[in-house]
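Take a look at the model before reading on.

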Amino acid sequence: MAKRILDISVSFALLILLFPLFAAIALAIAIFMGRPVFFVQMRPGKDGMPFPLLKFRTMTEECDSDGRLRPDAERLTTLGQWLRRTSLDELPQLWNVLRGDMSLVGPRPLLMEYLARYNETQRRRHAVKPGITGWAQINGRNAISWEEKFALDVWYVDNRSFWFDLKILALTVLAVLRGEGISAPGETTMPPFLGSAGSNSESEKLKAVKEN
């Protein structure tokens with residue numbers, strides 16, 4: 001109950017206080033990248049249930065000659081890089097928090113297709129609502145491996161508390177100001193997660209190897 005009260009009060013206050021910043025960012029995106037201003041994508045929430053996650057758009061919709069989207073690195077704009085470096089692209093998720101889709105603190109909501117790639121331990125990260133920030137975000141963010149990130153997420157699930165959330169929120173401010181862990185080495189953000197030992201995708205790979 002205390003966590004939900006914190007989520008509602010902080011997200012509601014920030015949505016009001018930061019409205020001028022929201023408007024300025026939206027205008028800049030509309031001018032330099034065009035519409036839509038927001039990026040909306042279905043992501044898994046608590047227990048893996050999908051919800052529409054909101055972010056400010058940081059990439060163009062540029063396609064190659066075959067009509068396929070170009071790689072992220074080619075579509076990420078200068079404005080988009082700045083939004084990601086400052087984490088301002090995540091601000092619309094305050095609306096997700098107010099709605100109850102997310103919490104201020106929790107494991108980050110990743111892609112729907114990753115659900116089938118988790119092993120049993122990693123899948124426990126969905127025992128709680130996803131968050132705008134989390135234990136993994138202040139302990140390396142995208143500069144650590146997927147396995148390290150998921151281990152930190154599960155550790156948070158097992159050790160979460162109201163006061164621990166407040167600590168993570170305070171440390172998040174410092175991490176954002178330092179601009180740490182924005183991307184993995186040599187990547188725009190993170191390489192895709194293809195599965196770990198014990199995951200469904202890993203079992204399928206082993207089965208394919210044996211059959212061949």
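## Ground rules

This is a predicted model, where local features need pLDDT of at least 70, side-chain atom pairs count only at pLDDT 80 or more, and totals for chains, interfaces and linings use all residues. Residues are numbered from 1 along each chain as its sequence is written, and side-chain values use heavy atoms, with hydrogens and water left out.

## Helix H1

H1 takes in residues 2-17. (Helices are DSSP runs of H or I with at least four residues, strands are E runs of at least two, and both are numbered from the N terminus.) Leu6, Asp7, Ser11 and Leu15 are its buried residues, where buried means under 20% relative accessible area and exposed over 50%, with partly exposed in between (1.4 Å probe, protein chains only). Ile5, Ile16 and Leu17 are exposed, on the face turned away from the buried side.

## Helix H7

H7 covers residues 162-178. Here Phe164, Asp165, Ile168, Thr172 and Ala175 are buried.

## How they meet

H1 and H7 pack with axes 9 Å apart, at about 30°. Axes are lines fitted to C-alpha atoms, for helices over the stretch in contact, and angles run from 0 to 180 degrees between N-to-C directions. Ala2, Lys3 and Leu6 of H1 make the contact with Phe162, Asp165, Leu166 and Leu169 of H7; contact means heavy atoms within 4.5 Å.

Key:
Expected span 1.5 Å × (residues − 1).
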